[in-house]
Amino acid sequence: MINLKINGIEMPRTKSIEIGGDVEAKEATMASGKIVKDILGFRKTLTATWEWFPTELMTKIVEIARKGDFVNIKYPDSTGKVESGLFKITIGNQKVFKFANGSPLWYNVELSATAQELEKG
């Protein structure tokens, strides 16, 4: 498996990566009471966790997440191919398990990403 790349930044090997998503649709209730649903597409989501994370990298990724922009992410799909797309990222609570030479060592870091584009079905 390849490592994730976020805006060209090579990430450490993940503890786990989940690829999923949701169907996006518009619903309307007709005068008859019948509900109609218009399927717009499928929006991919990625969730990655790391056992540990270097401080310098944590600083970069948190800055990217706080900007709220869509970023390019390269990731492995279920067939082993490398996919890429634009995603908005969020980073969960950061935890420090110890300090080494005054720098925090981060653990159980979780990053979530939601695709900008809808995949047509």
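**Salt bridges in the predicted model**

The side chains of E24 and R43 are joined by a salt bridge, in which nitrogen and oxygen lie 3.0 Å apart. E24 is partly exposed, its relative accessible area being 29%. The structure described here is a predicted model, and the count of salt bridges in it comes to three. Side chains of opposite charge can pair when their charged atoms come close.

Strand β4 also contributes K44, which forms a salt bridge with E119 and links distant parts of the chain, 75 residues apart. The closest N and O atoms of E119 and K44 are 3.4 Å apart, and E119 itself is found in the segment that follows β8 (103-115). The two partners fall into separate classes of accessibility: E119 is partly exposed at 38% relative accessibility, while K44, at 14%, counts as buried because its value is under the 20% cut-off.

A salt bridge is also formed between E10 and K5, whose closest N and O atoms are 3.8 Å apart; this pair still qualifies because the separation is within 4 Å. E10 has a relative accessible area of 44% and is therefore partly exposed, and K5, with a relative accessible area of 33%, is likewise partly exposed.

Methods: Residues are numbered from 1 along each chain as its sequence is written. This is a predicted model: local features need pLDDT of at least 70, side-chain atom pairs count only at pLDDT 80 or more; totals for chains, interfaces and linings use all residues. Side-chain values use heavy atoms; hydrogens and water are left out. Buried means under 20% relative accessible area, exposed over 50%, partly exposed in between (1.4 Å probe, protein chains only). Helices (H or I, at least four residues) and strands (E, at least two) are DSSP runs, numbered from the N terminus.
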